[in-house]
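Please look through the sequence and the structure shown here.

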Amino acid sequence: MPVTVTDEGSALTAALSGEIDHHGAKAMMNELGELIAARLPRRLVLDLSGVTFMDSSGIAVLLRALREVDRLGGTLRVTNIPAQARRVLDAAGVGRLITLD
Amino acid sequence: MKSELLDQTVIVFSSRSANEGFARAAAACFAARLDPTLDELADVKTAVSEAVTNAIVHAYPDRLGKVTMRLRLYAGNVLEVQIKDSGVGIPDVEKAREPLYTTGNEERSGMGFTIMESFMDSLKVRSAVGKGTAVTMRKRFARRAGAAG
């Protein structure tokens with residue numbers, strides 16, 4: 001499963017794993033969307049340590065999660081970003097929109 | 001300056017999204033003979049993924065088509081990747097290359113060309129409406145001991 005969830009106090013952590021490209025992004029988006037709708041997190045943390053590859057489809061996944069958490073008045077943080085994914089996020093300037101650890 | 005073509009391979013596949021991963025792996029495999037660093041290899045895979053995804057999502061919006069990936073190795077440790085389709089074409093290439101511009105749905109970020117540009121040394125886009133699009137990217141790899149070319 002590409003999304004694994006753990007609760008830590010008031011923060012909900014979802015660990016994404018595998019390759020995030022256009023082929024897999026939609027399923028991951030839907031899974032995250034359902035998770036956010038079910039748990040209504042005040043603080044959502046997306047842990048990318050298990051992501052082996054990510055292209056701009058991953059940016060769309062993160063922005064969608066941001067919109068949904070935003071709507072609930074919550075915050076989003078992205079953590080444990082592997083080097084390749086970090087370069088993609090930096091090239092796109094995603095750090096201006098989302099807190100990247 | 002025209003540099004010497006040392007080797008090339010051409011791969012043709014259907015515009016199915018499952019082939020995005022295949023195209024990345026094939027390009028990385030071809031580039032491996034340049035003895036690339038992990039970062040260089042990741043850059044090529046990322047740029048290929050963006051170009052192939054564009055062909056799959058935008059060139060053939062409502063049908064399956066053919067995507068051609070041509071990989072070339074030039075003297076001086078240069079890799080050239082060309083991704084070509086025979087799809088709908090891009091009416092305004094300059095506009096399409098702008099950051100955040102997309103004609104796709106919310107699954108697209110509009111950052112594909114920006115990422116190709118920043119991960120490769122050069123990017124050329126040729127397109128004709130109704131005929132298709134060819135994206136050609138080059139990257140020079142740092143010369144390391146044991147590299148071919």
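**Helices, chains and contacts**

In chain A, helix α1 (residues 22–39) packs against helix α2 (residues 56–71) at an angle of about 15 degrees, and their axes lie 9 Å apart. That angle makes α1(A) roughly parallel to α2(A), a label used for angles under 35 degrees, while over 145 is roughly antiparallel, 65 to 115 roughly perpendicular and the rest oblique. Axes here are lines fitted to C-alpha atoms, for helices over the stretch in contact, and angles run from 0 to 180 degrees between N-to-C directions. Helices (H or I, at least four residues) and strands (E, at least two) are DSSP runs, numbered from the N terminus.

This is a predicted model, in which local features need pLDDT of at least 70, side-chain atom pairs count only at pLDDT 80 or more, and totals for chains, interfaces and linings use all residues. Residues are numbered from 1 along each chain as its sequence is written, and chains are lettered from A and ligands numbered from 1 in the order in which they are written.

Where do the two helices of chain A touch? On the α1(A) side are H22(A), A25(A), M28(A), M29(A), L32(A), G33(A) and I36(A), and they meet S57(A), G58(A), A60(A), V61(A), R64(A), A65(A), E68(A) and V69(A) of α2(A). Contact means that the C-beta atoms of two residues, placed from the backbone, lie within 7 Å. The residues of this contact between α1(A) and α2(A) comprise nine nonpolar, four polar and two charged. Ala, Val, Leu, Ile, Met, Phe, Trp, Tyr, Cys and Pro count as nonpolar, Asp, Glu, Lys and Arg as charged, and the others, Gly among them, as polar.

Chain A as a whole has three helices and five strands, in the order β-β-α-β-α-β-α-β along the sequence. The C-alpha trace of chain A spans about 30 × 30 × 20 Å along its principal axes.

Chain B has its own helix pair: α1 (residues 19–31) and α2 (residues 38–59) of chain B pack at about 145 degrees, with axes 9 Å apart.

Between the chains, 19 residues of chain A are in contact with 21 residues of chain B. On the chain A side, the elements giving two or more residues are α1, α2 and α3 (83–91) of chain A, and α2(A) supplies the largest share, six residues. By class, that side of chain A has nine nonpolar, five polar and five charged residues. For the complex, the predictor gives an ipTM of 0.90 and a pTM of 0.92.
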